[in-house]
Amino acid sequence: MSVIPNAPVKRLLKENNPRVSDDAVDEAVKVLERVTRDLGIEGGKLAKHAGRKTLKRSDVELAEDKLGIG
C-alpha cells in the first residue's frame with residue numbers, strides 16, 4: 001500500500017497528458033515514494049554527520065545533488 005495518494009499524482013501527470021492510465025499513476029507513485037525514501041536516507045546521513053537528529057531543508061538539497069535528482 002502506498003503512502004502517497006494517487007489523485008494528486010494523476011492531476012500532475014494530466015498537466016501535460018490529457019489521458020493517463022491507472023498503471024501510469026501507480027508507477028509514478030512508486031517512483032515518487034522511492035525517491036522520497038532515498039532523499040530521507042541520504043539527508044538523514046548528512047544530518048547525523050552534522051550532529052543533528054532533525055532533517056533540514058539543506059540536508060534534502062544536498063541529498064538531491066548527491067543522488068543527481070535536483
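Buried means under 20% relative accessible area, exposed means over 50%, and partly exposed lies in between, with a 1.4 Å probe and protein chains only. Glu-64 is partly exposed by this rule, because its relative accessible area is 26%. We return to this residue below.

The model is predicted: local features need pLDDT of at least 70, side-chain atom pairs count only at pLDDT 80 or more, and totals for chains, interfaces and linings use all residues. Residues are numbered from 1 along each chain as its sequence is written, and side-chain values use heavy atoms, with hydrogens and water left out.

Start with the overall fold. The chain has 3 helices and 0 strands. Helices (H or I, at least four residues) and strands (E, at least two) are DSSP runs, numbered from the N terminus. The order from the N terminus is α-α-α.

Next, the overall dimensions. The C-alpha atoms fill a box of roughly 45 × 25 × 15 Å along the principal axes. The radius of gyration of the chain is 15 Å, whereas a compact globule of 70 residues would be near 11 Å. That radius is taken over C-alpha atoms, and the globule rule is 2.2 Å times the number of residues to the power 0.38. Buried residues are 17% of the 70 in the chain. Take the contacts (heavy atoms within 4.5 Å). Of those with a separation of 6 or more, 36% join residues 24 or more positions apart.

Now the nonpolar core. Such a core is a set of buried Ala, Val, Leu, Ile, Met, Phe, Trp, Tyr and Cys residues joined through side-chain atoms within 4.5 Å. The largest one has 5 residues: Val-9, Val-20, Val-25, Ala-28 and Val-29. Helix α2 gives the largest share, 3 residues. In soluble globular proteins, nonpolar side chains tend to be buried together. Beyond four places in sequence, Val-25 touches Asn-6, Val-9, Lys-10, Leu-13 and Val-20. Ala-24 also sits in helix α2. Ala-24 counts as partly exposed because its relative accessibility is 35%. Its C-alpha atom is 10 Å from that of Asn-6, 18 residues apart along the chain.

Move along to the helix pair. Two packed helices are described by the angle between their axes and the distance between the axes. Helix α2 (residues 22-49) and helix α3 (residues 57-67) pack at about 115 degrees, with axes 8 Å apart. Axes are lines fitted to C-alpha atoms, for helices over the stretch in contact, and angles run from 0 to 180 degrees between N-to-C directions. From α2, the contact uses Asp-38, Leu-39, Glu-42, Gly-43, Leu-46 and Ala-47. From α3, it uses Asp-59, Val-60, Leu-62, Ala-63, Glu-64, Lys-66 and Leu-67. These residues divide into 7 nonpolar, 1 polar and 5 charged. Here Ala, Val, Leu, Ile, Met, Phe, Trp, Tyr, Cys and Pro count as nonpolar, Asp, Glu, Lys and Arg as charged, and the others, Gly among them, as polar.

Glu-42 lies in α2. Is Glu-42 buried or exposed? Glu-42 counts as buried because its relative accessibility is 12%. Beyond four places in sequence, Glu-42 touches Ala-63, Lys-66 and Leu-67. Glu-64 is in α3. Leaving aside neighbours within four places, Glu-64 is in contact with Leu-39, Ile-69 and Gly-70. The C-alpha atoms of Glu-64 and Val-35 are separated by 9.4 Å, at 29 residues apart along the chain.
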